[in-house]
Amino acid sequence: MAKKSVKDRTTTSEEVCENPRTGSSAASLKQAILDNLYYVQGRLPEIATRNDWYMAVAYTVRDRMLEKFISALKGLHNPKVKLASYLSAEFLMGPHLGNNLLNLGITDQMRSAVKELGHDLEDLLGQEEEPGLGNGGLGRLAACYMDSLASLNVPAIGYGIRYEFGIFDQEIRDGWQVEKTDKWLHLGNPWEICRPETSYYVNFGGHTEQYRDEKGKFKVRWVPHRVVKGVAYDTPVPSYRNDMVDLLRLWKSEAVESFDFQAFNVGDYYKAVEEKVISETGSKVLYPNDEPEIGKTLRLAQQYFFVSCSLQDMIRIHLFRGKSLETFQGSFAVQLNDTHPSIAVAELMRLLIDEHLLDWDKAWKITQQTMAYTNHTLLPEALEKWPLPLFSRTLPRHLEIIYEINRRFLDDVRSKFHGDDGRVARLSIIDETGEKYVRMAHLASVGSHHINGVAALHSDLLTKTVLKDMYDMYPDRFVNVTNGVTPRRWIALSNPGLTELITAKIGDGWIRHFEDEIRKIEAFANERAFRTAWAKIKHSNKTGLAAIIKEKTGVVTDPASLFDIQVKRIHEYKRQHLNVLHIITLYNRIKQAPGKDFVPRTFIFGGKAAPGYFMAKRIIKLINSVAEVVNSDRDVAGRLKVVFFPDFNVKNAHHIYPAADLSEQISTAGKEASGTGNMKFSMNGALTIGTLDGANVEIREEVGPENFFLFGLTAGEVHDLKVTGYDPRSYYDANPRLREAMDQISSGHFSRGDKELFRPLVDNLLNHDPFLLLADYQSYIDCQDRVSAAYRDQGQWVRMSVLNVARMGKFSSDRSIAEYCKNIWKIKPVKGK
């Protein structure tokens, strides 16, 4: 069948008025899909695959963003506009299609257009591969911030790496995590635009040479061992229902010369492409295993690669504006998202003094006034530091610059704290307590005008623990910006039923102005009909998740049961195994009193463990082993189920957060910087059981203590207990329920008789327990009993759910970005629609 062109078909008056590339009616969208299928995909409808149709729909949506995108790009060259530049090793953007349809306001029209073409929009949304550009909270935060920057009309560029492969796809086999290659690009990415002419050279290794220029000034020349090229790939980031479209610019690593013809001619075929193979490793995979030396080298190289490309790009834009480099800080506010991009401090200095010939003092002033640093951790071991020999081999010129930064910085320290050699050693950018390291958090702190934590408690603890000495040195630099998440993706997109109900009551202004508007639904919390509708939506979401769980795992769950969910990266401090101890305790109670009335519960876990993290992978195995026993025991059937949801990511989270009754935020107090999953759960009406850790503290303050299930030691009590001497075995000895659960694990009850499988976990808890599970166990069990009691009163439970959502306005990423703009970046939004 011949394809109809625009000229061949009858047009309506509506279509005549529309630009066929940008029209938003269902008819225009339908024709655009066919045009893209034909002219871009080169496919006939009769033979097109589902992926072909998805790509055609995606290109149709992209076309409607590009006009605004091109206009926004003009703003990059406006010398009066200051840009936010967000440097992050991760951007966990999530699937683009649904989010872009929502922001453009054409979801219903697209659904109609696709239906007329014989397809279902939900099927095409499911076809999209999730961009593998992040691991967890850090990358998802960056994505939320990009959404809010655009929606607040703040011109911004997000800079990162275009990883060819994401961290990994997770499969569960015999209860164990199995890592599979995340080939997210194998079917193409319709959202990105390759910019081969926007590319920069990046040096590695080699040595430096000192010399005097023609004016006799001292100079340093870097003679690299290897040079790679970074090529830009741009993804438009649309705002919600206005004209701003910001830019996500990711760098792909390529060889300067990808083919050695001379080597090929003499028969050395590997050498002919060796440079290409080596150069492309820089953007090959997210977070290579950094246990071996070669992994550490690659990870440092990745961080430097994207930072160098990004800063070179910013300098190009600034100079294109016709401005002097001495005013660079007026064009860009650079935010370092954790320590991964902190090499930016030394790289900007190198570019300014070596490439653009500024003197040191001017360059340092520009650098400090440009950079700001966000810290995301209170775990000392998570503050990046690089062995000095590795750093010297990889970035010899930067080490020289860091030495000079450190020398001048330590002179200031000695001046302020005369005679305090211990403080000097602790503050030094170079750790010389044993094997020498470069402390990247110190470099970021010294080279930035502001340092912020990501929750009130975290920011306070930063100044008392891991960055105490830095705070004593620079108290005015420290501020707090509590994290936030975008309500567009995490309610409006992922929970359409709830969105419709809220909008019916208070209008749709809350989607754009969440902090100001969402509180209005509190007025309906006592309205029976509203609560009934609210509960019906939650049950529908749970039914949908139950169907997905059955499809993915084979486990049948009951949507009428309490959905108790913990989804996050698997880590000992996040204490998934404390949750497991409660499950075992509840299992034992039901077995021992089968006639007693227990609130039915479905426990759902999800999250990935780092491939080299032994304990975390054992925790996943423990969860699945307990699930195997519990789910096959008829004595607890209908009252207890355990599920491990594989491959937790943004796409799956769209189904999980809206279905939760209870949100598990049970990390050891003082260990979680903020958390953002806690916010997504609460925004979707889940109640929280948690410690006073991270943003839990502020969530509890906002929603009210009566609507939050609190347990456990405080951060201060954790510190005091460790100082006075914590003996985990004493808790085991004194608590029969705890002892019973631990003994069942160690006896092989949950491991088919294998007593050795979980011995490392049990021994660690009994002899060390670094994250105080056993100390918090009884408090957690008692709190879970309060949860069950509360759930029995469904009217009150739903009221608490409504209040959780109504009082979550503070946790919009729009509020976070507004605070960055006002207090750190000094950026004002441009005028927008």
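Modeller: Tyr38, Tyr39, Val40, Leu44 and Ile47 together make a nonpolar surface patch of about 500 Å². A patch here is built from residues with over 30% relative accessible area and no salt bridge, where nonpolar side chains (Val, Leu, Ile, Met, Phe, Trp, Tyr) are joined within 5 Å and like charges within 9 Å; the areas come from the Shrake-Rupley method with a 1.4 Å probe, and for residues only the protein chains shown count as cover. The model is predicted, so local features need pLDDT of at least 70 and side-chain atom pairs count only at pLDDT 80 or more, while totals for chains, interfaces and linings use all residues. Residues are numbered from 1 along each chain as its sequence is written, and side-chain values use heavy atoms, with hydrogens and water left out.

Turning to the charged pairs, the structure holds 59 salt bridges, each one a side-chain nitrogen of Lys or Arg within 4 Å of a carboxyl oxygen of Asp or Glu. One of them joins the side chains of Lys284 and Glu164, at 2.8 Å from N to O. This pair links distant parts of the chain, 120 residues apart, with Lys284 in the loop between helix 9 (269–280) and helix 10 (293–320) and Glu164 in the loop between strand 2 (156–161) and strand 3 (169–173). Lys284 is partly exposed at 25% relative accessibility, and Glu164 is partly exposed at 30%.

Arg249 and Asp234 also meet through their side chains in a salt bridge, at 2.7 Å from N to O. Because Arg249 lies in strand 9 (residues 245–255) and Asp234 in strand 8 (residues 226–238), the pair ties together parts that are 15 residues apart in sequence. Here Arg249 is buried, with a relative accessible area of 6%, and Asp234 is buried at 0%.

Methods:
Helices (H or I, at least four residues) and strands (E, at least two) are DSSP runs, numbered from the N terminus. Buried means under 20% relative accessible area, exposed over 50%, partly exposed in between (1.4 Å probe, protein chains only).
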